[in-house]
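Thanks, everyone, for making the time.

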Amino acid sequence: GTSFRRFDPFLTAADHARLTAELGDDPHAGRSVHFHSRHRRKDGSDFPVEVRMGLVELNGRPHRLSIARDTSERVAYEERLT
């Protein structure tokens with residue numbers, strides 16, 4: 001029930017609309033979207049994330065479920081390689 005903007009101020013309304021359209025509105029279609037972004041902590045700092053978004057059905061209604069994974073260690077490792 002939380003707005004994406006609370007966690008991801010870097011994702012624009014247009015990006016969100018595009019991702020939502022790509023996802024569709026049928027939770028039984030098995031679609032998901034995957035993207036990289038940055039999330040903001042309560043202290044104001046931000047960190048890189050990989051996000052997967054899909055649809056689930058709850059009480060007969062579709063809801064978007066987003067799962068974000070902190071990729072700070074992977075990004076730091078990749079930066080050390082270059």
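Predicted model: local features only at pLDDT ≥ 70, side-chain atom pairs only at ≥ 80, totals over all residues.

Is Phe-47 buried or exposed? Its relative accessibility is 15%, and because the cut-off for burial is under 20%, Phe-47 counts as buried. Setting aside the neighbours within four places in sequence, Phe-47 is in contact with Ser-37, Arg-38, His-39, Arg-41, Asp-70 and Ser-72. Arg-31, by contrast, is 16 residues from Phe-47 in sequence, and the two C-alpha atoms are 26 Å apart in space.

One of those contacts, His-39, deserves a moment of its own. His-39 belongs to strand 1, residues 32-40, and with a relative accessibility of 13% it counts as buried. Beyond the neighbours within four places in sequence, the residues in contact with His-39 include Phe-7, Asp-8, Val-49, Val-51 and Ala-68, along with Phe-47 itself.

Three strands form an open sheet in the order 1-2-3, with antiparallel pairing, and the edge strands are strand 1 and strand 3, each of which pairs on one side only. From one strand to the next, the twist averages 35°.

Taking the two pairings in turn, strand 1 and strand 2 are joined antiparallel over nine bridges; within this pairing, Phe-35 stands opposite Val-51 of strand 2, and His-34 has Arg-52 of strand 2 as its bridge partner. These two strands form a hairpin with five residues between them, and Gly-44, which sits in the turn, has a positive phi of about 95°. Strand 2 and strand 3, the latter being residues 61-70, also pair in the antiparallel sense, here over ten bridges, with Leu-55 opposite Arg-64 in strand 3. Their hairpin has two residues between the strands, and in that turn Asn-59 has a positive phi of about 55°.

Which residues of helix 2 are buried? In this helix, residues 13-23, they are His-16, Leu-19 and Leu-23, and seen down the helix axis they fall within an arc of 65°, so they line one face of the helix. On the other side of helix 2, Ala-14 and Ala-21 are exposed. The cover over the buried residues of helix 2 includes helix 1, residues 4-7, together with strand 1, strand 2 and strand 3. Helix 2 is followed by Gly-24, whose phi is positive, near 85°.

The largest nonpolar core has ten residues in all, among them Phe-47, Leu-11, Leu-19, Leu-23, Val-33 and Phe-35. Helix 2, strand 1 and strand 2 are the elements that give two or more residues to this core, and the largest share, five residues, comes from strand 2. As for Leu-11, not counting residues up to four places away in sequence, its contacts are Phe-4, His-16, Leu-19 and Phe-35. So much for the core; I am happy to go back to any of these views.

Methods: Residues numbered from 1 in each chain as written. Heavy atoms only, no water. Buried < 20%, exposed > 50% of the residue type's maximum accessible area, 1.4 Å probe, protein only. Contact = heavy atoms within 4.5 Å. Helix = DSSP H or I, 4+ residues; strand = E, 2+ residues; numbered from the N terminus. Pairing = 2+ DSSP bridges. Arc of directions from axis to C-beta. Core = buried A, V, L, I, M, F, W, Y, C linked by side-chain atoms within 4.5 Å. Axes fitted to C-alpha atoms, helices over the stretch in contact; angles between N-to-C directions.
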